[in-house]
Amino acid sequence: MNRRRTLLALTAAAALLTPGAAALAAPPGVDPSTVELNLLPGQSTTITKNVTTAPIPPNPDLVLLADTTGSMENALGNVKANAGAVTNTVLQAQPTAQFGVASYQDTKDSTYLFRVERNITADTAEVAAGISEWQIGNGGDTPESAINALHELATGAMNYRPDDTKIVAWFGDAPSHDPSNGHTLADTIAALQAAKIRVVAVNVGNGQPGRPGLDAADSGVPAGQATQIVNATGGVLLNAADDQVAQKIIEGIQAVKSTVSPVANCDPQLTVTNAPSSVTVDSGSTATFTETIAVAAGTAPGTYHCTVDYLVDGVSRGFIENTTVHVRGLAVDDVTVSEGAGNANFTVSLLGGASPDPITVNYATANGSATAPADYTAGNGTVTVPAGQTSAQVTVPIVSDAIDEVTENFTVNLSSPSTGVGIVDGQGIGTIIDDDRDGTFSCTATAADVAGITVAVANPANLPCADDSETVASISLNAGLLNVKSNTLTASTDLTPDDQSLPPAAGDRALSTAKVDKTTVSALGLNIELGVIEAQASASCVAGPGGLQPSFAGSSNIASLKINGVAVTVGSAPLTIPLLIGSLKLNSTVVENGVVTQEAVAVDTPLAHVVLAKAQADVHGSAAHPGGSPCTR
């Protein structure tokens, strides 16, 4: 037959095949192939997974094994005529398919025992040429050498590819000798299993003389040979008339069993299990699994992944499922604010990644050492983290006052989050740092104190320090034997800054100043003349190793001094001069218990005490901070 006539014959034969065999669908794989879940720590869920196998097993190496003894002439003719239809149908479903051709006869009155007409090849022309080389031989008796042929195909007669699906399409009309060429049925089944070869057996024996069938008991051979082989290898046994062999070969290939076994590879926080652990189905059928995805208890918020490869007969065929699990959790942060900040803004964070849907959670404030409404404004409600975002705010108004207090706190508590979201840290602590000074400056100044009579006193209350100024033009006072006359007496106090609600800063101070322009102190036998005298005392905030701290200073100056007409040089240095009636103390500075007192002139007698130009400054703690000062808060 010439080439053109051969092609016409193959085309005509293809038309005889069933529509399902002529056009096979590609495997759809895993459904669903992607899974995205929101789960909580310790939570699990189940998903039904359907894995549809290929109508023809993937990457097949298909060997056509023919019984070429004399009774097979018509069957061989059908396969030869339809060889192109067989290979084309397989290639339509699995373009990587390759083919081999082999045949067998028997030891008696036959041309050969076993022969490979073509080794595994992708060249369909070569396959057709190999099939055309099948030659009819007598066979002699009905048991043939099929067991030997199958053993040879399992042990090196064909150059199969790695990761292929090995299929032997065996057709004949008589059982095999057992043993055959030294190979028993059991040996051959074991070899086929070891090589992972599936056997599709097409029986064209009709039970008539010389054609008992592949499964027949004949000449001492027990019945069921072919059934044992196909059952042991995941194949199928089909019966066919001589003109149906090619069609049944295709049907048999489509009925080859495939075992689907899922293998999971997960982040340590996830486990994926499938029940059952494997499913065996006909090629093109669907294996169904119940998949359980679980998150380990204590898993931190985050996004975790699993891949499940649904192996087909132990080989990865790209049936991959990708699972993403979002473990989302809400947390509210701690906030520290000063009393004058106005608001405490708490951030509610969605941990584990943004959600495509809005996430809500309830919140409510609760008293701690800070109480509402004195320290903050209580509140409750629902806060929403918008879709695609990972945070939202809860604002709590803070109440400011002028009272020095210790650091206080309150809480914001989360509850009732959206479904599928947990609470990781549901309590935010709001700490209110008092912004009032931990103490107060005090200050006072007195121009003259004559036996308890004070003249020109600035800020007489002393605590707290305040800006003040007093001036008296002159005095003439008696204290026992002493007479005191002075001109232009002034006293002043100054507080920096005037607004003590401002944060403490270096240079903050209380300053007291007292001044007398001219004074005469006289008694029997004593005359003291004083020029301008001035005293100053200050309590100031200065930088120290641990921050600002109070510093105390006092100074005074006496422009001139005469005692009974004799000039005495004094200046600003402290000096004590004995008198017949007592003593004269000049430029005295005393710092004691956080108080600085500066006296320019003090006259002490048994009967009276006179002080001229006295200044005083100090610091006081608060009820909340008894040991504090206005230099800290």
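Me: Is Glu36 buried, partly exposed or exposed?

Reply: Start with the cut-offs. Buried means under 20% relative accessible area, exposed over 50%, and partly exposed in between, with a 1.4 Å probe and protein chains only. Glu36 has 59% relative accessibility, so Glu36 counts as exposed. One caution on the source: this is a predicted model, where local features need pLDDT of at least 70, side-chain atom pairs count only at pLDDT 80 or more, and totals for chains, interfaces and linings use all residues. Residues are numbered from 1 along each chain as its sequence is written, and side-chain values use heavy atoms, with hydrogens and water left out.

Me: Which element holds Glu36, and which residues does Glu36 contact beyond four places in sequence?

Reply: Elements are DSSP runs numbered from the N terminus: helices (H or I) need at least four residues, strands (E) at least two. Glu36 sits in strand E2 (residues 34–38). Contact means heavy atoms within 4.5 Å. Setting aside neighbours within four places in sequence, Glu36 is in contact with Thr324 and His326.

Me: What kind of contact do the side chains of Glu36 and His326 make?

Reply: A polar one, at 2.6 Å. A polar contact is a pair of N or O atoms within 3.5 Å; within protein, one must be able to donate a hydrogen and the other to accept it, and residues adjacent in sequence count only if both atoms are side-chain atoms. Another pairing to look at is Glu36 with His305: 269 residues apart in sequence, 9.4 Å apart in space, C-alpha to C-alpha.

Me: Is Asp61 buried or exposed?

Reply: Buried, with a relative accessible area of 0%. Asp61 is in strand E4 (residues 60–67). The side chains of Asp61 and Arg161 are joined by a polar contact of 2.7 Å. Beyond four places in sequence, the contacts of Asp61 include Gln98, Ile120, Tyr160 and Asp164.

Me: How many disulfides are there?

Reply: A disulfide is a covalent bond between the sulfur atoms of two cysteines. The rule used here is a pair of cysteine sulfur atoms within 2.5 Å. By this rule the protein has three disulfides. With the bonded cysteines numbered in sequence order, they pair 1-2, 3-4, 5-6.

Me: Which cysteine is joined to Cys266?

Reply: Cys306, with an S to S distance of 1.7 Å. The pair links distant parts of the chain, 40 residues apart: Cys266 is in strand E10 (residues 257–266) and Cys306 in strand E14 (residues 302–312). The torsion about their S-S bond is about 125 degrees, so this disulfide is right-handed. Cys266 is partly exposed at 23% relative accessibility. Cys306 is buried at 1%.

Me: How far apart are the sulfur atoms of Cys443 and Cys465?

Reply: They are 2.0 Å apart. Cys443 belongs to strand E24 (residues 439–450), while Cys465 is in the loop between strand E25 (453–458) and strand E26 (468–479), so the pair ties together parts 22 residues apart in sequence. The S-S torsion of Cys443 and Cys465 is about 85 degrees, so this link is right-handed. Cys443 is buried at 0%, and Cys465 is buried at 4%.

Me: Is the link of Cys541 and Cys631 left-handed or right-handed?

Reply: Left-handed, with -95 degrees about the S-S bond. The sulfur atoms of Cys541 and Cys631 lie 2.1 Å apart. Cys541 is in strand E30 (residues 533–544) and Cys631 in the segment after strand E37 (609–621), so the pair ties together parts 90 residues apart in sequence. Both cysteines, Cys541 and Cys631, are buried.

Me: How many residues does the largest nonpolar core have?

Reply: First, the term. A nonpolar core is a set of buried Ala, Val, Leu, Ile, Met, Phe, Trp, Tyr and Cys residues joined through side-chain atoms within 4.5 Å. The largest has 51 residues, and Ile533, Leu561, Leu584 and Val601 have the most contacts inside it. Apart from it lies another core of 34 residues, among them Ile56, Ala83, Val86 and Ile131.

Me: What radius of gyration does the protein have?

Reply: Compare it with a globule rule: 2.2 Å times the number of residues to the power 0.38, with the radius taken over C-alpha atoms. A compact globule of 633 residues would have a radius near 26 Å, but the protein has 55 Å. Its C-alpha atoms fill a box of roughly 170 × 45 × 45 Å along the principal axes. The protein has eight helices and 37 strands. Buried residues make up 49% of the 633.
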